[in-house]
Amino acid sequence: MDFLIEEERIYATDCDGKVTAEITFPTKDGVATIDHTFVDTSLRGQGIASKLVKTAADKILADGHQIAATCSYAVTWFERHPAYKLTDTGAPIACQIGKRH
């Protein structure tokens, strides 16, 4: 799957332009906070969310920023990949969609 990469967002679309996978990471004061990860149900179980988080982490570091996460999936991913260091911003863990995780 090829991802489209924007300044604070990485995503994929289907042939109709519908977003099928997405991660967002707004940046403030040199810290990019991964706050949302989404994978369409038709694509789940294929490791796409993991690839999104890794791609975002690599981009954030390449851009010279620190990484933080409030998305519960991303927090768990970083716990399993200790080579990547998270910055603790004190923000609660919860994704944007429906204000829940």
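Q: Which residues of helix H1 are buried?
A: In this predicted model, a residue counts as buried when its relative accessible area is under 20%. An α-helix has 3.6 residues a turn, so residues three or four places apart point the same way. In H1, the buried residues are Ile48, Ala49, Leu52, Val53, Ala56, Ala57, Lys59 and Ile60.

Q: How far apart are the end C-alpha atoms of helix H1, and what span should its 15 residues have?
A: Helix H1 covers residues 48–62, and at 1.5 Å a residue its 15 residues should span 21 Å. The end C-alpha atoms agree with this expectation, because the distance between them is 21 Å.

Q: Which residue of E2 is the bridge partner of Leu4?
A: Strand E1 and strand E2 (residues 9–13) run antiparallel and are joined by two bridges. For Leu4, the bridge partner in E2 is Tyr11.

Q: Over the ring of which residue does the charged end of Arg9 sit?
A: The charged end of Arg9 lies 3.8 Å from the centre of the ring in question. That ring belongs to Tyr11.

Q: Is Thr20 buried or exposed?
A: Thr20 lies in strand E3 (residues 19–24). Leaving aside neighbours within four places in sequence, Thr20 has contacts that include Met1, Ala12, Phe38 and Leu43. Its relative accessibility is 7%, and because buried means under 20%, Thr20 counts as buried.

Q: Why is the pair of Trp77 and Phe78 edge-to-face?
A: A search of the whole structure finds three aromatic pairs. In the pair of Trp77 and Phe78, the ring centres are 5.0 Å apart and the planes stand at 85 degrees. Planes over 60 degrees apart count as edge-to-face, so the pair of Trp77 and Phe78 is edge-to-face.

Q: Which residues do ring pairs link into a cluster?
A: The rings of Trp77 and Tyr84 have centres 5.4 Å apart and planes at 55 degrees, so this pair is tilted. Both Trp77 and Tyr84 are buried, and Phe78 counts as buried at 4% relative accessibility. The cluster linked by ring pairs consists of Trp77, Phe78 and Tyr84.

Note on methods. Residues are numbered from 1 along each chain as its sequence is written. This is a predicted model: local features need pLDDT of at least 70, side-chain atom pairs count only at pLDDT 80 or more; totals for chains, interfaces and linings use all residues. Side-chain values use heavy atoms; hydrogens and water are left out. Rings of Phe, Tyr and Trp (its six-membered ring) pair if their centres lie within 6.5 Å; planes under 30 degrees apart count as stacked, over 60 as edge-to-face and the rest as tilted. Buried means under 20% relative accessible area, exposed over 50%, partly exposed in between (1.4 Å probe, protein chains only). A charge sits over a ring if NZ of Lys or CZ of Arg is within 6 Å of the ring centre and within 35 degrees of the ring normal. Helices (H or I, at least four residues) and strands (E, at least two) are DSSP runs, numbered from the N terminus. Contact means heavy atoms within 4.5 Å. The expected span of a helix is 1.5 Å times one less than its number of residues. Two strands pair if DSSP finds at least two bridges between them.
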